[in-house]
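Welcome! Let's walk through this structure together, asking at each step what lies behind the words used to describe it.

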Amino acid sequence: MKIRPDFLPLSRPALGAEEEAAVVACLRSGWITSGPKVQELERVFRGATGAPHAVAVASATAGLHIVLAALGIGPGDEVVTPSMTFASTVNQVALRGAAPVFAECDYGTLQVVPGDLAAKITPRTKAVIPVHFAGAPADLDPIRAAADRAGVPVIEDAAHAIGASYKGIPAGGPPSPGKPGNIAVFSFHPIKNITTGEGGMVTCYDDDLAARLRSLRFHGIERDAWKRYGKGGTPHYDIREPGYKYNLTDLHAAVGVVQMGKLAALNGRRAELAKRYLAGLRGVAGIDLPEEPPYPHVHSRHLFIVKSARVERDEMIAALAERNVGAGLHFPPCHLLSFVRERFGAKEGDLPQTERAGKRILSLPLFPGMSLDDVDYVCEAVREIVSEAAR
Ligand SMILES: Cc1ncc(COP(=O)(O)O)c(C=O)c1O
């Protein structure tokens with residue numbers, strides 16, 4: 001094949017003139033830290049998910065941290081989560097002094113196996129964190145049933161899942177109107193379906209939990225600077241519990257508000273690109289395509305992850321790089337990370353499906369600014385690499 005002259009990255013944020021204008025307007029407004037734009041983004045999120053509370057934070061990681069803190073999770077406690085996820089979750093559980101317990105994923109869909117997650121719940125379990133992996137929702141009904149039986153909360157890791165839905169319910173949404181849903185954590189990192197540069201959002205249903213989260217994200221002060229220094233505010237504050245500095249700024253939120261307005265179009269474009277990949281790679285020997293979960297869902301197509309079963313994965317990544325194509329690894333299984341093995345006694349062989357997938361997965365470029373020709377180029381590159389290896 002003829003190698004393209006320019007490098008096709010794994011991802012590139014879809015930012016344009018509207019985002020630039022929103023940032024400039026915020027800069028000129030005289031208020032750039034948490035204020036009206038953060039409130040607007042939280043309002044948009046309440047509307048998009050149906051959750052009564054949305055708390056903007058500096059990252060999904062920060063959100064996970066304050067959720068675990070607000071739930072009082074600490075030493076002696078366990079949190080069940082898939083090993084096939086980003087290490088951020090496991091880090092936050094460990095940093096709270098609690099222990100991660102790992103559930104198996106399905107090789108085809110890479111989603112957590114609900115039966116295994118349920119089986120890993122013990123009297124020490126204080127929460128379960130399923131992940132809407134790559135943008136397809138986890139099978140929430142059996143997960144929620146198992147968590148309800150154990151009396152522990154479900155925290156949806158919805159970092160990949162803005163715009164995804166499970167049986168008609170958006171990620172973080174209520175199971176039926178007026179009924180409380182799960183706690184959910186979203187990410188606005190630049191690779192994600194919408195971005196604010198860095199940022200995140202926690203949605204929840206419990207008024208007290210939301211108040212704790214608002215306090216913990218900002219020093220333990222219940223009223224942020226906007227409320228203290230805005231018109232009619234009072235500069236006094238008290239701290240009942242020390243908190244973190246995890247607030248999102250208005251500069252970031254201004255970008256997020258514009259991005260949320262484009263979400264349907266951005267995810268629509270991702271869906272088109274994913275469809276093209278599925279058609280272009282179907283039947284390629286040694287490439288296992290992402291399988292669709294069997295329940296009704298809308299996929300946000302955050303990542304397009306294939307498994308390279310014949311060509312060694314790192315060779316595939318290197319051969320793609322030679323052809324000017326970027327690739328990603330989402331994710332090295334968490335139970336095999338050095339600190340997790342050392343601290344929690346996890347080891348090779350614990351999770352066979354996760355480990356088999358973990359050796360083979362790679363993420364191909366997928367971002368709204370790609371062309372269908374770009375997808376065709378990547379598919380041709382993959383086919384060529386596979387057939388050269390067969391010779
Ligand atoms: C599954 C998952 N959870 C959590 C995070 C953390 O998100 P953030 O970078 O916003 O902290 C990520 C980020 O890549 C992720 O992929």
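Q: How do you know that strand β2 (residues 78-82) and β3 pair, and which way do they run?
A: Pairing takes at least two bridges between two strands. In this predicted model, β2 and β3 are joined by five bridges and run parallel, so they count as a pair. One place to look is P82, which stands opposite A103 in β3.

Q: What makes β3 and β4 the edge strands of their sheet?
A: The sheet is open and has three strands in the order β3-β2-β4, with parallel pairing. β3 (99-103) and β4 (125-128) each pair on one side only. On average, neighbouring strands here are turned by 30 degrees against each other, direction ignored.

Q: What is found on either side of strand β8?
A: Strand β5 (residues 155-157) is joined to β8 by three bridges, and these two run parallel. I155 has I183 as its bridge partner in β8. Strand β9 (residues 200-204) is joined to β8 by four bridges, and that pair runs antiparallel. There, V185 stands opposite V202 in β9. Both bridge counts reach the at least two needed, so both count as pairs.

Q: Why is β8 (residues 183-187) called largely enclosed?
A: A residue is buried if 20 or more other C-beta atoms lie within 10 Å of its own. Five of the five residues of β8 are buried, so the rest of the structure largely encloses this strand. I183, V185 and S187 point one way, A184 and F186 point the other way, and all are buried.

Q: Why are the buried residues of α1 said to line one face?
A: They are E19, A22, V23 and C26. Viewed down the axis of α1, the buried residues fall within an arc of 95 degrees, so they line one face of the helix. On the other side of α1, A17, E20, A21, V24, A25 and R28 are exposed.

Q: What makes up the shell around the ligand?
A: The shell divides into four nonpolar, nine polar and one charged residue. Of the 14 residues around the ligand, S59, A60, T61, F86 and S187 come nearest. The elements giving two or more residues to this shell are α3 (60-70) and α4 (87-95).

Terms used:
Residues are numbered from 1 along each chain as its sequence is written. This is a predicted model: local features need pLDDT of at least 70, side-chain atom pairs count only at pLDDT 80 or more; totals for chains, interfaces and linings use all residues. A residue is near a molecule or strand if its C-beta atom, placed from the backbone, lies within 6 Å of it. Ala, Val, Leu, Ile, Met, Phe, Trp, Tyr, Cys and Pro count as nonpolar, Asp, Glu, Lys and Arg as charged, and the others, Gly among them, as polar. A residue is buried if 20 or more other C-beta atoms lie within 10 Å of its own, exposed if 12 or fewer, and partly exposed in between; C-beta atoms are placed from the backbone. Axes are lines fitted to C-alpha atoms, for helices over the stretch in contact, and angles run from 0 to 180 degrees between N-to-C directions. The arc is that of the directions from the helix axis to the C-beta atoms.
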